[in-house]
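Thanks for sending this one over. Have a look at the model first, and my comments come after it.

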Amino acid sequence: LIFGMTIVNALAGFATLGLVVGFMAGLFGVGGGFLLTPLLNILFGVPYNIAVGSDLAQMAGMSTSATIRHGRIGNIDYKLGLLMCAGTAAGVEVGASILEVLKKAGAVTLGHARIPVMNLVMSAIYAALLLWIGTVVLRESRKALAKVRAGGADTIEKNWLVERLSVLRLPPMISLPRSGIASISLWVILGVGFTTGVLAGLLGVGGGFIRMPALIYIIGCPTAVAVGTDLFEIMFSSAYGAFTHATRANVNLVVVLGLLIGSTVGSQIGASLTRRLGGPRLRNVFAYIAYVAVIMVAAKLVIKIAKGGG
Amino acid sequence: VLGRRPAPSAQPAESPTGRLARRFAALKDLLGTNASALEVITELENDLLLVPVGDPRVRERVELLLERTAALVDALDRLAEGRYHELRTVLGAIRNEVASQLDNAQRNAQGALSYPISEVGGDLAPLVGGKAAQLALLRTSGLPVPDGFVLSTRAYHQFAREADLYGSLRAELPQVNIDDLSSLERASQRLRAQVLTTPVPPPIELAIRAEVRRLMCRADTTFAVRSSAVGEDSTLTFAGQFDSRIHIPRDGLAEACRAVWASRFSARAIAYRVSSGVAEADCPMAVLFLHMVQARRSGVLYTRDPADARSDTLLVTASWGVSFTGASTGDHFRVSRTRRHDVLDRHVRNKSVRSMPLPGGGVQEETVPADLADQPSVADGELAALAALALQIERLCGAPQDLEWAIDDAGSIWILQARPLRLDTDRARSPRAPKVTPLLTGGVTIYPGRASGPVLIAESARALERVPEGAIVVLRHTCPECVKFLPHIGGLIVDFGNPTGHSAALVREYRVPALFEAGEATRVLAGVESASLDAAAKRLYPGLLFVADAQARAHKRAVRPPHALAERVTSLKLLDPSAWSFRSSSCRSVHDVVRFAHEKAIQTVFSLGDEESEGRRASSRVLECDVPIDLHVLDLGGGLAPEAETAPRVRPEAIRSLPFRALWRGISHPEVSWAGREYVSLSGFTSVVARAITDRANESRELGARSYVAVGENYVNFNSRLAYHYAMVDACVEDVQSSNFINFRFKGGGADAVRKNLRARFLQECLQHFGFSVDVRDDLVNAWLRRYPREVTEDRLDMLGRLMACSRQLDMFMADEASMRWYVAAFLGGNYRFRVEAEVPPGAAAGDGKKRRRDL
């Protein structure tokens, strides 16, 4: 039995979830990871550590096959990529260790129920993350639908210098000849890698939604290099994440297999539909899905507390 | 290499380079035509705001635009080798529809210069204006309306052409900022002077004389000359915005008419029109001439109480004199709507002044004799008669009415104006009152609702220069100038103020919670910083208690639908090239066709490059350079140095193309950089991340896909997908000045729409500074420069190279207008790295306060 289901049922269940989430990921471009991990827990009772580990293993498979299929592994700035990998590895370790600490933290009594600390903390983190994503996306698409008021000298002059931060110039400064960057602080590169690493290790998300804009808008990579390096990074971080979680017994092969089957199919369907359905309204839908997921996370916890027991 | 040699056969097969060159020649045509089509569209958009659709100049421009669009579609056909052939059919269908619309408009533009009021039917409203049509309806229904005639909008258009008003309007209106009184005042003065110095054309003068003759009135009969603008009194009141001339003898009518026309361009009328979103062309002004009623008393009547529309009462304001302008104080009566029309409530005031006719024409204010001043100006019996008449009009018109009336020497009632009364029944009742002692109670509710904001006190609206958004304005008196700030304020309190006057009508139109006749509000509130108004409860509280709904109010103001012709010609619906609906069959207007053809041309050029480089044809090479852009070079013949023609990689120095060399000077300028960043913006970056979560799949060309530069001896086409945006330069440089041109196109970005659009405006400002013509639609920038000498054109290409480098990822910083302007100034000042030290803006002196980015 796997999480209380027969192996066939479990496989079918995970494949279906993979299909749905993969479909959405294909449709919206990104966003699978945010939904997959909490949904595994809510719908199938998969503990968060196993959900995160299996999700990463699944992602490693997906991204490798995607990269090979597109044949787009040229244009990598290896110096940048490897430095980022160092940051990412550290981040993944930190993330996975936090999860490990949570796993071993036992349970607290809430009402009449014993709730594992890991469950509580991870639910809160996911709820907060999804809430933030939903809100940001909704706000952005509202902005996209609204027009800029033309020619008003009346805009409030905010102190935009607060808005503008100098990129850290803490030594050691290095150069990235492949990207044409003369001088950049090593810490900026490590920082970007570390951030996405923690996201991967702790939450099981690829972090591409931060890495790609960071490569272009913060590090200032040329686009072609950014695209190649991003692919390289996602392969590395998910593979490394899967490995480190596997050593902590957080990967369940049945979950991985089910998700792989489902999401491969789902993302293809989603991607083929995205041009038909695109636009700001679709983004709203994504925001609402995020909200629904938040409600599900919260509801699950409340029901558990109300019901009592372990 | 083989392909470059002319084939020896009789039917010479085209060389690949030849085919490529031919298709780039088509692109060159297409971009040139695109620029000139956009020019015509902009002109036409301006025309349609000022000139009626039936005007010959509109037809001329539409025909020119159709011709250029046909050429554009033709060029696309050559470029894409027939792939978008169906676009011709689409354009043909639009052309037919536009032609029939123009014919209709031309037919409708016909009509007489003038109409007797008794011959005006309902269908003439677009010619005689709302006020005249309404009065004509009452008169033909047997109600007491003075006889008279109307000078139609056709007369107005004829006069406007004579005075070359359209030309001046086009010059003046773009300068006007309705928030800046002095700019408004300057434009208004010039326009009015122009109207007042242009003689009334003889045909119009003749028409006036003929109408007067037809009325067969006595020689000493005088007229009231008033505006009757199209659209006036229906959705918009224009209350008190235009002048009237009263008691005008027959030989002064033409001049009075001109004065009324001139009042169309008073500062407040312009402000009102602009803030209401009404185009100049949508409200041409007819002029109404009515027999002067020798009135002793006059006033206003509302068939419902706007402050409490559910109550069964009529509101009457009355005073002595021939015309009740609304500024003077008057008696107020509340009369029952039910039969017998009892007077429920009366306030008889001291009416110290009245306007009386002068013997030679015109009116004059004079002091009311002391014994009359405190007398009620109308008797109860007259009020009952007025009420009965008003309700009859209300039934006839099917809606509550705002009437102007007068009672003559013989005691008969005359109706001088009837317009629908604006009511809002939903907001009349206030929710729970706050538990705070009010600063002020009482007054008359003009428009119900609640508002909180800073308090601003002034003698009258004229004394107010800048009014903060959402302020509670407290005035001693009102005047129609208040229209300037009504759209922005939260609430209005007036010590005096006439509840049935023009200002009250404007307050209701702009839905501003307001109290009039508030007594001593200006004195009581002196020194109060902020207050909360509950207009329905007639209370003013200290402090900020209510959530402002000024924003909600602004959104409610309707945007008027564009004319059917604009719908088919200038309006642009195809905006998102990645959308499923971006197809030739979705083109609804000529502008759509232009946009579609242009977008498809760019995509085709990309695919041309992809074909060439993937097929490993001889014409595609990798550009080897220090600038980190991934560029592939396509040779169109003569663009490369002979020794480079066979190599798979070229250095920029080996490219001979003149425009390329100029562009490259800018791209490789030592001060600009194509990689790395010195600054970031947190909110801008958050915006990019938010877009990245959902938007990555929605681009028409993949992130990081190849960029191309096609070169000929005198030609360059730089077509690039850079980061999240996209830029194209297409240019020709020769010694012959007339063949030189630059076309520039820029679109997209990673941040939200507001920031992307602001970056587009940043580009616009910079490009305009260098003499480019620029067309910006949302985040799409189209700019062009034509027929400049070789040196200038090369210099501009150099500038474009720098501009493209500097504007990369700049959308991150475009939080508002102010930052956009700062970046424009920095670029123009040569501060290409946008360093703050180079030019410290005010308030940014604290260098130590500059935060450093640590967590990345």
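Here are my notes, point by point.

1. Ground rules first. This is a predicted model, where local features need pLDDT of at least 70 and side-chain atom pairs count only at pLDDT 80 or more, while totals for chains, interfaces and linings use all residues. Residues are numbered from 1 along each chain as its sequence is written, chains are lettered from A and ligands numbered from 1 in the order written, and side-chain values use heavy atoms, leaving out hydrogens and water.

2. Chain A has eleven helices and five strands (DSSP runs numbered from the N terminus: H or I of at least four residues for helices, E of at least two for strands). Of its 310 residues, 55% are buried, meaning under 20% relative accessible area with a 1.4 Å probe and protein chains only. Take the contacts in chain A (heavy atoms within 4.5 Å) between residues at least 6 apart in sequence: 77% of them join residues at least 24 apart.

3. Chain B comes to 22 helices and 31 strands. Buried residues account for 58% of its 856 residues. For contacts in chain B with a separation of 6 or more, 66% are between residues 24 or more positions apart.

4. How do helix 2 (residues 56–79) and helix 17 (residues 590–614) of chain B pack? They sit at an angle of about 20°, axes 10 Å apart; the axes are lines fitted to C-alpha atoms over the stretch in contact, with angles from 0 to 180 degrees between N-to-C directions. That makes the two helices of chain B roughly parallel (the label for angles under 35 degrees). Helix 2 of chain B contributes residues including Leu65(B), Leu72(B) and Leu76(B), and helix 17 of chain B residues including Val594(B), Lys600(B) and Ala601(B).

5. Now for an aromatic pair in chain B. Tyr84(B) and Phe596(B) are edge-to-face, 5.9 Å centre to centre with 90° between the planes; rings of Phe, Tyr and Trp (its six-membered ring) pair if their centres lie within 6.5 Å, and edge-to-face means planes over 60 degrees apart. Tyr84(B) lies in the loop between helix 2 and helix 3 (86–108) of chain B and Phe596(B) in helix 17 of chain B, so the pair ties together parts 512 residues apart in sequence. Tyr84(B) is buried at 13% relative accessible area, and Phe596(B) is buried at 2%.

6. One more spot to check: Phe813(B), Trp822(B), Tyr823(B) and Phe834(B) are linked into a cluster by ring pairs.

Methods. Angles under 35 degrees count as roughly parallel, over 145 as roughly antiparallel, 65 to 115 as roughly perpendicular and the rest as oblique. Rings of Phe, Tyr and Trp (its six-membered ring) pair if their centres lie within 6.5 Å; planes under 30 degrees apart count as stacked, over 60 as edge-to-face and the rest as tilted. Buried means under 20% relative accessible area, exposed over 50%, partly exposed in between (1.4 Å probe, protein chains only).
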